[in-house]
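Subject: Structure handover

Hello,

The structure we discussed is below, sequence included. My notes on what was found in it follow.

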Amino acid sequence: MESDELVVAVAQHAPVPGDVAENARRAAAAVAEAEGARLLLFPLLSLSGYDLGRLAEPGCWVGPDDPRLDVVREASRAHGVTAVVGAAWLGPDGRRLLASVALSPDSTVEVVGKQYLSRAERELFEPGGFGPPLDVAGWRVALAVCYDAAAPEHAVEVARRGADVYAVSALYTEGQERRLDVHPAARALDHRMYALVANLAGAGPGWRSCGGSGVWHPDGRRVARAGTGPRVVTARLARADLDRLRADDVTAGYRG
C-alpha cells in the first residue's frame, strides 16, 4: 500500500578498507539505529571502500549467496528497512558490477550496476543497466551509482519508469562540493522526484571526501545535510508535495 510519507536515511559512511565482513556489521548496526526509516542508503563501495587496487583480492568481491551479507539481511527483516549497500558485485553469471545492492525486508535482492564507468573502473567492471524501481512502502525508488547522477539522460529514463525517489550512492571529493549540490538538485527539480545522495566519508588513495550527503526536495531545495565526517541523516518525504508539484506541471502544460 502506498504511504503518504516515507522516512529515509542516508549514511555517510567511512568503510574499513577491504573488510567486507566488518563493513556489513556496521551497516547492520546503522539499520538498527535508523530512527524509523524505511530506506537506508549507503555510499559507493560501502562494503569495501573505494580503492580499486584492493579489488585484486577476491575477498573484496560480494555475490548473491555471500554469508557476510546475512547480518544486513537479518537487520533489514527485523527492522523493516530496505538497506542499499555499495559493493563490487560478482554475479552468478560472472558479470562484475560496481553496484548498489538493495536488501529488502522480504529478502528480495536487487542489484543495479553503475553505467557511466571511469576509465580505471572499466578495467574491472562492466557497465550496468536499469533495474525496476524498488517498492518501498509504495514509493518507487530508482538506484543510481555515482557518476550516473551526472548524466541527465540517466534521470530521464528512471523518471520515465515512474521513480518517486532517486537514490545515489556516490563518492564526491574535495573540490566537488558544487557538483554535489547541483546534480541531485537538478535531477529532483527537473523530474519532480526526491533525490538522495550517500557520499563516502574519509579518504582513500588519491581522494578525500567532501562530505555533504543529504536529501533534496522535488522543488530543488536541500532538506537534509551531513557534515564532512561519518553520520546518518534522516528526512521525511511527503507524497502530497510530489503530487502537488506534478499536478502544477500538468496544469501548466509541461507534462501529461
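For the charge count, Lys and Arg are taken as positive and Asp and Glu as negative, while His and the chain ends are left out. On that basis the protein carries 29 positive and 33 negative side chains, with the centres of the two sets 3 Å apart. Please bear in mind that this is a predicted model.

Overall fold: there are 6 helices and 15 strands in the protein. Its radius of gyration is 17 Å, close to the 18 Å that the globule rule gives for 256 residues, so the protein is as compact as a globular protein of that length. Along the principal axes, the C-alpha atoms fill a box of roughly 55 × 40 × 35 Å.

The exposed surface comes to about 10800 Å², of which carbon and sulfur atoms supply 49%. Of the contacts between residues at least 6 apart in sequence, 68% join residues at least 24 apart.

Helix α5: this helix covers residues 177-191, 15 residues in total, and spans 22 Å from its first C-alpha to its last, close to the expected 21 Å. Its buried residues are Leu180, His183, Pro184, Ala185, Arg187, Ala188 and His191. What do the buried residues of α5 pack against? Their partners are the helix α4 (152-160) and the strands β9 (165-170), β10 (194-199), β13 (214-216) and β14 (222-225). Arg192 follows α5 and has a positive phi, near 50 degrees.

Regards

Technical notes:
Residues numbered from 1 in each chain as written. Predicted model: local features only at pLDDT ≥ 70, side-chain atom pairs only at ≥ 80, totals over all residues. Heavy atoms only, no water. Helix = DSSP H or I, 4+ residues; strand = E, 2+ residues; numbered from the N terminus. Rg over C-alpha atoms; globule rule 2.2 N^0.38 Å. Contact = heavy atoms within 4.5 Å. Areas by Shrake-Rupley, 256 points an atom, 1.4 Å probe, with all protein chains shown as cover. Charge placed at Lys NZ, Arg CZ, Asp CG, Glu CD. Expected span 1.5 Å × (residues − 1). Buried < 20%, exposed > 50% of the residue type's maximum accessible area, 1.4 Å probe, protein only.
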